[in-house]
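Hi there,

Here is the structure I promised to pass on to you. Have a look at it first, and my notes follow below.

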Amino acid sequence: MATIPITKRGAEKLKAELHQLKTVQRPWVINAIAEARAQGDLSENAEYEAAKDRQGFIEGRIQEIEGKLAAAQIIDPAVVEAGGRVVFGATVELEEEDSGETVKYQIVGEDEADLKQGLINISSPIARALIGKEEGDTAEVLAPGGVKRYEIVGINYL
């Protein structure tokens, strides 16, 4: 299985979700199933069916997170030797050439991506266009509205 890049913060977030699922959600759903069984006939017990569905979701999510963590390559951007280049985990400040608008993005793994928080997926078109570039370079990104050009104004490894 290939390794999956993830930031230290992203790995901690997945570990916290896994802990929550195992220590809170799993015991709760087991208890809900037991209570529904105590009500008698299971063939027409909607609460039992709902609890079993929830249990299936929880167990599936636990397996998914454990698999991702097992394959994770945790990268701490603060200790990466990037030589001033854009790499996984870097926070990049960009200026769009046409509008002059500035944006700031951190390049993260798939599970961490959240555009509203400025976290972009490593496999997104803009991240792929930025990887390997240096401050002052221009990156061209094919967007739905056409090609956009961004100048790299700053690179930080936080």
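**Cavity, pocket and a helix**

The largest cavity has a volume of about 40 Å³. A cavity here is a set of points on a 1 Å grid over the protein atoms alone where a 1.4 Å probe fits but cannot get out, and lining residues have an atom within 4 Å of a point. A volume is the space filled by probe spheres set on the points, which are joined across faces, edges and corners. Lining this cavity are Ile4, Pro5, Ile6, Gly109, Glu110, Asp111 and Glu112.

Please keep in mind that this is a predicted model, where local features need pLDDT of at least 70, side-chain atom pairs count only at pLDDT 80 or more, and totals for chains, interfaces and linings use all residues. Residues are numbered from 1 along each chain as its sequence is written, and side-chain values use heavy atoms, with hydrogens and water left out.

The largest pocket (an open set with protein on both sides within 12 Å along at least five of seven lines) has a volume of about 200 Å³. Its lining has 13 residues, and Tyr105, Ile126, Ala143, Lys148 and Tyr150 lie nearest the centre. β6 gives the largest share of that lining, 3 residues; strands are DSSP runs of E, at least two residues, and helices of H or I, at least four, numbered from the N terminus.

Helix α2 covers residues 46-71.

Best wishes

Conventions:
The expected span of a helix is 1.5 Å times one less than its number of residues.
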